[in-house]
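Biologist: Let us go through this one term by term. I will ask what each word rests on, and you answer with the value and the cut-off.

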Amino acid sequence: MQLETTINGNTVTLDFAAGEFLSETLRRYGYLSVKEGCDTGSCGLCTVWLDGKPTLSCSTLTARMQGHEITTIEALAGEAEEFARFLVAEGAEQCGFCAPGFAMTVLAMKRELKEPTVTSINHYLAGNLCRCSGYKGQMRAIVKYLGVK
Amino acid sequence: MLEIENIIFPESLGDALATVETDPGAVVLGGCGYLRLGSRKIATAVDLSKLGLDTITETEHSYEIGAMVSLRTLETDSCINVFASGALVRAVENIVGIQLRTCVTLGGSVAGRYPFSDPITALLAIDAQLVFQGAGRISLQDYLTGKGLRDILVKIILPKDERVAAFTSMRKSTTDYAVLNCAVARVGTDFRVVVGSRPSRAIRVEAAEKHLAANGLTRETAEQAGLLAAENLSFGDNPRGSGEYRRKICPVLVKRALIEVLDAA
């Protein structure tokens, strides 16, 4: 199958098999920041934005992408780097495999949550798993990054 | 692994229904969140995402939720957050994470009649009605107890009334499938008591509802309704818990939900 969609602001024509999911297509086209972790829709590593909303690319059929806007972390390098500095300052970054999906969720959270609290941050992040850490460092980094009082 | 040989995007609900009726290999797609976990091979996948079924409409007497409305859209809708004490939002807000809830649809959960479903339990307590393209309007309760339909679910209708409701569940971790879930509602002097993920399908508990209607809702009748639910329902084993465990926690969940309704008054 073939369709036209927008990835990181560029119009792209994708060739794919009927049952292919977006994470596989994106990686095949070189967007290697998109990781596949659990393959059950649980870990959030494959998070991209679909029309600005954080979405599991492993559970989204590529065939549905006609006319949509897909964003991966490659398009948000500046913001991601800024957030990464907060993570590093808190010693929260470990193996880094979950980091792109995690950062995509945090950057979406920054846009969506008007007055973030620790509770609303936790709820927003429930779909992002990290196998290395105990989440404390990430939470400290996010609280500082978002300026939570 | 899910395999799809061909995927079609019908241009009308009539075309979608015609495909389902004439092609025995046709499967209607919801959000694919659950479907993709299996190793199914689908000859023709019918995708409804271009039929405008992804909106919530408020009418004078109801809220109409299109079958392709995502759980995340439900969760963030200001009206659904208030309707029936926000019970439907409570039922979806802990399903995995926001990214999955952006993918998966209410119609997919309902049409699939999944026994572990949280929203189905809440929808039963809300007296939800379903509209199918072929079969027309049918209550969710009749759909769950029937043989299933080879049809296209178009929308889920929530009747507007002064219903006070509550949803609660027992989970091993916040975002896991429920070991047991429960939704209750008070509509005037009538009650709904629903228990799901038993692990079989959600079901109303008539004995508990009658007890509450006859005696009113108090802390004592809430406790009794919970005991009646545990006595009258069947429970089974699955990897998340034994039937015996589910029977033990059932009265607690029913009582908790009813007391939430009582305290909301």
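**What the words rest on**

Modeller: B:Glu58 stands opposite B:Tyr63 in β5(B). B:Glu58 itself is found in strand β4 of chain B. Strands are DSSP runs of E with at least two residues, helices are runs of H or I with at least four, and both are numbered from the N terminus. This is a predicted model, in which local features need pLDDT of at least 70 and side-chain atom pairs 80 or more, while totals for chains, interfaces and linings use all residues. Residues are numbered from 1 along each chain as its sequence is written, with chains lettered from A and ligands numbered from 1 in the order in which they are written.

Biologist: Why is B:Glu58 called partly exposed?

Modeller: Count the C-beta atoms, placed from the backbone, within 10 Å: 20 or more others means buried, 12 or fewer means exposed, and in between means partly exposed. B:Glu58 has 14 C-beta neighbours inside 10 Å, so it falls in between.

Biologist: Which residues does B:Glu58 touch, leaving aside its neighbours within four places in sequence?

Modeller: B:Glu58 is in contact with B:Tyr63 and B:Cys79. Contact means that the C-beta atoms, placed from the backbone, lie within 7 Å. B:Lys160 is 102 residues from B:Glu58 in sequence, yet their C-alpha atoms are 9.3 Å apart in space.

Biologist: Where does β5(B) sit in its sheet?

Modeller: Five strands of chain B form an open sheet in the order β4-β5-β8-β6-β7, with antiparallel pairing. β5(B) stands between β4(B) and β8(B) in that order. Its pairing with β8(B) has five bridges.

Biologist: What makes β4 and β7 of chain B edge strands?

Modeller: Each pairs on one side only. Neighbouring strands in this sheet are turned by 25 degrees against each other on average, direction ignored.

Biologist: What puts the buried residues of α1(B) on the same side?

Modeller: The buried ones are B:Ala16, B:Leu17 and B:Val20. They cover an arc of only 95 degrees around the axis, and so share a side of α1(B). The arc is that of the directions from the helix axis to the C-beta atoms. The face turned away carries the exposed residues B:Gly14 and B:Thr22. Cover for the buried residues includes β2 and β3 of chain B.

Biologist: At what angle do α10(B) and α11(B) pack?

Modeller: About 145 degrees, with the axes 8 Å apart. Axes are lines fitted to C-alpha atoms, for helices over the stretch in contact, and angles run from 0 to 180 degrees between N-to-C directions. The contact includes B:Ala222 and B:Leu227 of α10(B), and B:Val254 and B:Leu258 of α11(B). In that contact, 12 residues are nonpolar, one is polar and four are charged. Nonpolar means Ala, Val, Leu, Ile, Met, Phe, Trp, Tyr, Cys and Pro; charged means Asp, Glu, Lys and Arg; the others, Gly among them, are polar.

Biologist: How many residues of each chain are in contact with the other chain?

Modeller: 20 residues of chain A meet 21 residues of chain B. Strand β4 of chain A gives the largest share of its side, four residues. That side of chain A divides into seven nonpolar, 11 polar and two charged.

Conventions: Two residues are in contact if their C-beta atoms, placed from the backbone, lie within 7 Å. Two strands pair if DSSP finds at least two bridges between them.
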